Amino acid sequence: MNVFRLAGDMTHLLSILLLLLKIYATKSCSGISRKTQELYAIVFMARYLDLFTDFISVYNSFMKVIFIGSSVAIAWCMRFHPVVRRSYDRELDTFRYFFLVGASFALALIWHDKFTVLEVFWAFSIYLEAVAILPQLVLLQRSGNVDNLTGQYVFFLGAYRAFYILNWIYRYLTEPRFTRWIAGISGVVQTALYADFFYYYFIR
């Protein structure tokens, strides 16, 4: 644990809280991509398969449960909640995200740290998370209108990945055996996808 990892976790948690606030306070998911939320649910369920096999710390296990539970709850709410699902922008959220899932899994089978179930699914989750925001960014571009909570949600998601890049750099410099190059490269790709959004966010 270091300050960059903690800052990344906290900004990620804040982004989730902002999204939950938007959905439950307004009973609306307008401007939110359900496909991105379903991708995040897949990401965290695949990444944290070790939840019941490897114990690192109470904090680590707690955050895993929070990320899995919140992502599944948001995706479920947008798909099945009788009121919230009515505001879903189905016509704008048309990104073919199954291609992202297939490509990420294929990449994980080729490039991974170890050829084990947990490591392949961990690599899969890293690759998928790098591109999971694409349906959301496309939806925002098509709609041309971003409310404050949605904009802040996407901003803090981007900030979370930026902090994690700093975390990986710090660990690479301070831990002689740290070799999570997959996470580092994917994190750079993911943060780069936010560049255009960050520009317009700060202009606003």
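Predicted model: local features only at pLDDT ≥ 70, side-chain atom pairs only at ≥ 80, totals over all residues.
The C-alpha trace spans about 50 × 35 × 30 Å along its principal axes. For 204 residues, a compact globule would have a radius of gyration near 17 Å, and this protein has 17 Å, so the two agree. Of those 204 residues, 49% count as buried. The accessible surface comes to about 10900 Å², and 68% of that belongs to carbon and sulfur atoms. As for contacts, take the ones between residues at least 6 apart in sequence: 78% of them join residues at least 24 apart.

The structure holds six of them, and I'll go through a few.

Back to Arg79. Its partner is Glu38, and the closest N and O atoms of that salt bridge are 2.7 Å apart. Glu38 sits in helix H2, residues 34-47, while Arg79 sits in helix H3, residues 58-80, so this pair ties together parts that are 41 residues apart in sequence.

Next one: Arg47 and Glu129 meet in a salt bridge, 2.5 Å from N to O. Here Arg47 belongs to helix H2 and Glu129 to helix H5, residues 117-131, so the pair ties together parts 82 residues apart in sequence. And both Arg47 and Glu129 are buried.

Glu129 has another partner. It forms a salt bridge with Arg161, with the closest N and O atoms 3.5 Å apart. That one links distant parts of the chain as well, since Glu129 is in helix H5 and Arg161 is in helix H7, residues 148-174, 32 residues apart.

Now, H5 deserves a look of its own. Why do I call it largely enclosed by the rest of the structure? Because twelve of its 15 residues are buried. Among them are Trp122, Phe124, Tyr127 and, again, Glu129. And what do the buried residues of H5 pack against? They pack against H2, H4, H6, H7 and H8. On length, the 15 residues of H5 should span 21 Å at 1.5 Å a residue, and the end C-alpha atoms are 22 Å apart, which agrees.

Compare that with H4, residues 98-110. The 13 residues there should span 18 Å at 1.5 Å a residue, and the end C-alpha atoms are 19 Å apart, so that agrees too. In H4, the buried residues are Leu100, Ser104 and Ala108. They cover an arc of only 65° around the axis, which puts them on the same side of H4. Which residues sit on the face of H4 turned away from the buried side? Those are Phe98, Phe99 and Ile110, and they're exposed. The buried residues of H4, meanwhile, pack against H2, H5 and helix H6, residues 134-143.

A quick word on H8, residues 181-193. With 13 residues at 1.5 Å each, it should span 18 Å, and its end C-alpha atoms are 19 Å apart, which agrees. Its buried residues include Ile182, Ala183, Gly184 and Ser186, along with Gln190 and Thr191.

Lys27 has a positive phi of about 55°, although it isn't a glycine. Where is Lys27? You'll find Lys27 in the loop between helix H1, residues 3-26, and H2. At 38% relative accessibility, Lys27 counts as partly exposed.

Definitions and conventions: Residues numbered from 1 in each chain as written. Heavy atoms only, no water. Helix = DSSP H or I, 4+ residues; strand = E, 2+ residues; numbered from the N terminus. Expected span 1.5 Å × (residues − 1). Buried < 20%, exposed > 50% of the residue type's maximum accessible area, 1.4 Å probe, protein only. Salt bridge = Lys/Arg side-chain N within 4 Å of Asp/Glu carboxyl O. Arc of directions from axis to C-beta. Contact = heavy atoms within 4.5 Å. Rg over C-alpha atoms; globule rule 2.2 N^0.38 Å. Areas by Shrake-Rupley, 256 points an atom, 1.4 Å probe, with all protein chains shown as cover.
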